[in-house]
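Thank you all for coming; I would like to take a few minutes to walk through one model with you.

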Amino acid sequence: MVRSRSGKGGNMIDFGILYHHCSIPELLQKLSPTFSFHQKTPTVQQPWLKTQSLQEALEPKIKSDSRSSLTSPTLCRYLNDRKVPVDISKKYCKEVDFEINNKSYVAIGFENRSGGFELRNRFFKGSSSPKDVTFLENNRAKEVAVFEGFFSFLSYQTLHQKDLPLTNFLVLNSLAFIEKNRQLMEGHQKIYMYLDRDQAGVKNTECALQWDEKYINKSDLYKNHKDLNDYLKIGIQRLTKV
């Protein structure tokens, strides 16, 4: 039993929620920055989401076993649901088999510059160590487009598949890396910011705009959506209905 100064009793999780003023998923994310815990409807394919213990959630042991070209029908359907063509995803992503606590799973893997992977499937969002940004250089381009996550990057590629600008690409994979990569970004003549439209994304965009006039906010393109992928999905759905 842990008792706070206010006199409220409870366990360590209760104390953490009270101390940080956050929800259980937010607390887990604070305690383990390389793992995102999202409550989902339990499924037969992903039993670990239903049965994993708190200790497993706090200290996930993600081991990447193999990587190959994207062929899994399940992952391809997931990409289709997010309106990202498989052919585009294959250029930048791999199909990654990985383990968590001796249980095997498969996900779309987006590699960072240190050899770690951002891992996504319909039921899982996480990353293997080491955590880092992904920088894609395009023929010494003088401009860079900056994204918070790789699905926003893939959405940009989808939207511009017929007229892709000559630019470098920086995928942060976490907003924690934005200030650490100022030198990399500011080595370009223009820096186009495509961060999410949530509170953290907007705050970091506003902060970057104060650093240098090189930074240009491009999130107005999808200002009524949470991110570029949401804009892509809803935009295509609307076009389909017309």
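This is a predicted model: local features need pLDDT of at least 70, side-chain atom pairs count only at pLDDT 80 or more; totals for chains, interfaces and linings use all residues.

In strand β10, the bridge partner of F147 is V171, and this pair belongs to the four bridges that join β9 to β10 (residues 168-171), two strands that run parallel. Residues are numbered from 1 along each chain as its sequence is written, and side-chain values use heavy atoms, with hydrogens and water left out. Helices (H or I, at least four residues) and strands (E, at least two) are DSSP runs, numbered from the N terminus, and two strands are taken to pair if DSSP finds at least two bridges between them.

β9 is also joined to strand β11 (residues 190-194), by five bridges and again in parallel; here V144 stands opposite I191, and A145 has Y192 as its bridge partner. Is β9 itself enclosed or open to the outside? Four of the five residues of β9 (residues 143-147) are buried, so this strand is largely enclosed by the rest of the structure, where buried means under 20% relative accessible area, exposed over 50%, and partly exposed in between, with a 1.4 Å probe and protein chains only.

Stepping back to the sheet, five strands form an open arrangement in the order β8-β10-β9-β11-β12, with mixed pairing. Its edge strands are β8 (134-136) and β12 (215-217), each of which pairs on one side only. Helix α7 packs on this sheet and touches β8, β9, β10 and β11, its direction making about 150° with that of β10, where axes are lines fitted to C-alpha atoms, for helices over the stretch in contact, and angles run from 0 to 180 degrees between N-to-C directions. Helix α9 (residues 199-211) packs on the sheet as well, touching β11 and β12, and its direction makes about 145° with that of β12.

Let me turn to helix α5. In α5 (residues 73-81), the residues L75, C76, Y78 and L79 are buried. They lie on the same side of α5, because they cover an arc of only 155° around the axis, the arc being that of the directions from the helix axis to the C-beta atoms. The face turned away from that buried side carries the exposed residues P73 and N80. What covers the buried residues of α5? The cover includes α6 (86-92), β4 (94-100), β5 (103-111), β6 (117-121) and α7 (150-159), with contact meaning heavy atoms within 4.5 Å. After α5 comes K83, whose phi is positive, near 65°.

One of those covering elements, β6, pairs with strand β7 (residues 124-127) in the antiparallel sense over four bridges. A hairpin joins β6 to β7 through two residues, and L119 stands opposite G126 in β7.

Finally, the cysteines. A search of the whole structure finds zero disulfides, a disulfide being a pair of cysteine sulfur atoms within 2.5 Å. C93 is buried, with a relative accessible area of 2%, whereas C207 counts as partly exposed at 33% relative accessibility.
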